Amino acid sequence: YNGAGNVYLTIGNFQKANQMLRKALAVEKRLNSHLGMNVDLANIGTIFERRGMLDSAWVYFRESMKESKLAESTTGQAYGHMNYGRLYMKEGDYAKAMEEYRKSMDIVYKDRDRWLWMQPCIELAGAYIRVNQSDSARHYLELAMQTAQNIGAREYMPRIYNLYADYHEQKGDIRKALEAHCTAGERQDSLLGAR
């Protein structure tokens, strides 16, 4: 059910995703699996987030965080802080968003799970761009790029290059912004072709 729910979520069929994920959640509740409930609640929260229903997303993300703490899942808590950060970004509270992304990075530790650590690092760079703190944005972009290259995380390269495009545009370097934007498009096309 969870797998099917994630597929429906990926293709944007939120009604079917909701049905499947709620079935998965019911099974996890019967099993009293805090880890399973954490995942299902977070995924349901993502449905609400993508539909622009942020109040409902907050409810599910907070419930998910409770379950990840009961499961003592640092991974679940790291994702929980990323979820919070995204919602704060959408609400325009960039300071709280950055705080949540830092919490996520601190929980994960770069040397333990670089793939997971890199995700809030990328989002933190985007938040710094949004608030026009270019030195910090560049620092986190460079860390994210280096990490993605070192671990072969090709799926994150388009996002990183798009952020570089925003960074260069903000700095007034339109040529570099265009180059980064074109590279992001090429990397995205390459990923789609591979999929």
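Student: What is the volume of the second largest pocket?
Tutor: This is a predicted model, and the value is computed from it. For the second largest pocket, the volume comes to about 210 Å³.

Student: Which element gives the most to the lining of the second largest pocket?
Tutor: The lining has 13 residues, and those nearest the centre are Met-89, Tyr-101, Glu-123, Arg-130 and Arg-159. H5, H7 and helix H9 (157-170) each give two or more residues. The top contributor, with five residues, is H7.

Student: How much space lies in the largest pocket, and which residues are closest to its centre?
Tutor: The space in the largest pocket is about 1,100 Å³. It is lined by 31 residues. Closest to the centre are Arg-50, Tyr-79, Arg-86, Gln-119 and Tyr-156.

Student: Which helix gives the most to the lining of the largest pocket?
Tutor: Several helices supply at least two residues each: H1 (2-11), H3 (34-50), H4 (54-70), H5, H7 (114-130) and H10 (174-194). By class, the lining holds 11 nonpolar, 13 polar and seven charged residues. The most, eight residues, comes from H3.

Student: How are H5 and H6 oriented to each other?
Tutor: Helix H5 spans residues 74-91 and helix H6 spans residues 94-108. Their axes lie 8 Å apart, at an angle of about 165 degrees. Angles over 145 degrees count as roughly antiparallel. H5 and H6 are therefore roughly antiparallel.

Student: What is the handedness of the H5 and H6 crossing, and which classes of residue make the contact?
Tutor: The crossing of H5 and H6 is left-handed. Met-82 and Tyr-88 of H5 are among the contact residues, as are Glu-100 and Ile-107 of H6. The contact of H5 with H6 has four charged, five polar and 10 nonpolar residues.

Student: Why are H7 and H8 described as roughly antiparallel?
Tutor: H7 packs with helix H8 (residues 134-151), their axes 8 Å apart. The cut-off for roughly antiparallel is over 145 degrees. H7 and H8 are therefore roughly antiparallel, as their angle is about 155 degrees.

Student: How many residues in the contact of H7 with H8 are nonpolar?
Tutor: The crossing of H7 and H8 is left-handed. Its contact includes Trp-115, Trp-117 and Leu-124 of H7, with Tyr-140, Leu-141 and Ile-151 of H8. Three contact residues are polar and one is charged. The nonpolar ones number 16.

Note on methods: Residues numbered from 1 in each chain as written. Predicted model: local features only at pLDDT ≥ 70, side-chain atom pairs only at ≥ 80, totals over all residues. Heavy atoms only, no water. Axes fitted to C-alpha atoms, helices over the stretch in contact; angles between N-to-C directions. Helix = DSSP H or I, 4+ residues; strand = E, 2+ residues; numbered from the N terminus. Parallel < 35°, antiparallel > 145°, perpendicular 65-115°, else oblique. Left-handed = near helix turned anticlockwise from the far one by under 90°. Contact = heavy atoms within 4.5 Å. Nonpolar A, V, L, I, M, F, W, Y, C, P; charged D, E, K, R; others polar. 1 Å grid on protein atoms, 1.4 Å probe; cavity = no way out; pocket = protein on both sides within 12 Å on 5 of 7 lines; lining within 4 Å. Points joined across faces, edges and corners; volume = space filled by probe spheres on them.
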